[in-house]
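Hello,

Here is the structure you will be taking over. Please open it and keep it beside this email as you read.

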Amino acid sequence: MGKVQRRVLFLLAQLIMQSDSFQDCEGIKNGITDFSVDVLDCEYIQMCAIPVGTTLYIKTTFVPHQNLKELKSRVSSKMGVLMVPKGPSRPVCANSISKETGQCDKEEGLVQGRSYVYIEEFPIRPQYRELQMMIRVEFYIGYRPSNNNTILCYEIPVLVTSDS
């Protein structure tokens, strides 16, 4: 292999390693633009490889641009066009910690301009054996997420393996 080919492969590997571990949801404009996602215990290259029987921890750090009292979170597995919610929606405030004030106050809600950390657990169940899927995280206001009321939405590509 020549110098040029090695250099191209090296640059390609660096680009892949620097890729984000998530992508915005198609067709949804995020109302929270100041956010980051960290998938704990995931060696991300092109997708997160996760063995069956483990739990994926997804940490979202975000700063709301408005005060939000009733923000909820829904996490789903997305396989092609099939979307399967992990369970019932959860209140974001009750499960968030503010870097400035500690636990989010339910009476006050999420305060504009404050930084919050929200951690979601996603168990990799045996029925997910050996497949690729997206894990979709949605923060929304109202009864259920839609294009009109979703404040934040992103997807994480996951490869479920039988290795443990």
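This is a predicted model: local features need pLDDT of at least 70, side-chain atom pairs count only at pLDDT 80 or more; totals for chains, interfaces and linings use all residues.

Five strands form it, in the order 2-4-10-8-9. The pairing is antiparallel. Strand 2 and strand 9 stand at the edges. Each has a single partner strand, so one side of each has no neighbour in the sheet.

Now take the pairs in turn. Strand 2 covers residues 35–40, and strand 4 covers residues 55–62. These two run antiparallel and are joined by six bridges. To find the place, look for valine 39: its bridge partner in strand 4 is isoleucine 58.

Strand 4 also pairs with strand 10, residues 116–123. Eight bridges hold this antiparallel pair. Here threonine 55 faces proline 123 of strand 10.

Next comes strand 8. Three bridges link strand 8 to strand 10, again in the antiparallel sense. Serine 98 sits opposite tyrosine 116 of strand 10.

As background, strands of a sheet pair through backbone hydrogen bonds.

**The disulfides**

How many disulfides does the structure hold? There are two.

One joins cysteine 25 and cysteine 153, with the sulfur atoms 2.0 Å apart. This pair links distant parts of the chain, 128 residues apart. Cysteine 25 is in the loop between strand 1 (23–24) and strand 2. Cysteine 153 is in strand 12. The link is left-handed, with -75 degrees about the S-S bond. Both cysteine 25 and cysteine 153 are buried.

The other joins cysteine 93 to cysteine 104, also listed with 2.0 Å from S to S. This link is left-handed too, at -100 degrees about the S-S bond. Cysteine 93 lies in the loop between strand 7 (90–91) and strand 8 (96–98). Cysteine 104 lies in the loop between strand 9 (102–103) and strand 10. The pair therefore ties together parts that are eleven residues apart in sequence.

Are these two cysteines buried or exposed? Cysteine 93 has a relative accessible area of 6%, under the 20% cut-off, so cysteine 93 counts as buried. Cysteine 104 also has 6%, so cysteine 104 is buried by the cut-off of 20% as well.

**The core**

The largest nonpolar core has 35 residues. Leu56, Phe62, Leu110, Tyr154 and Val158 touch the most other members. Several elements give two or more residues to this core: strand 2, strand 3 (48–51), strand 4, strand 5 (71–79), strand 10, strand 11 (131–141) and strand 12. Which strand gives the most? Strand 12 does, with six residues.

Phenylalanine 62 is worth a look. Leaving aside neighbours within four places in sequence, phenylalanine 62 is in contact with residues including Ile32, Phe35, Leu110, Tyr116, Tyr118 and Phe139. Asp34 and Arg114 are also among the contacts of phenylalanine 62.

In general, nonpolar side chains tend to be buried together in soluble globular proteins.

**A buried threonine**

Last, go to threonine 161 in strand 12, which covers residues 150–161. The relative accessible area of threonine 161 is 14%, and anything under 20% is buried, so threonine 161 is buried. Neighbours within four places in sequence aside, threonine 161 is in contact with Ile50, Pro51, Val52 and Glu130.

Over to you.

Best wishes

Conventions:
Residues are numbered from 1 along each chain as its sequence is written. Side-chain values use heavy atoms; hydrogens and water are left out. Two strands pair if DSSP finds at least two bridges between them. Helices (H or I, at least four residues) and strands (E, at least two) are DSSP runs, numbered from the N terminus. Buried means under 20% relative accessible area, exposed over 50%, partly exposed in between (1.4 Å probe, protein chains only). Contact means heavy atoms within 4.5 Å. A disulfide is a pair of cysteine sulfur atoms within 2.5 Å. A nonpolar core is a set of buried Ala, Val, Leu, Ile, Met, Phe, Trp, Tyr and Cys residues joined through side-chain atoms within 4.5 Å.
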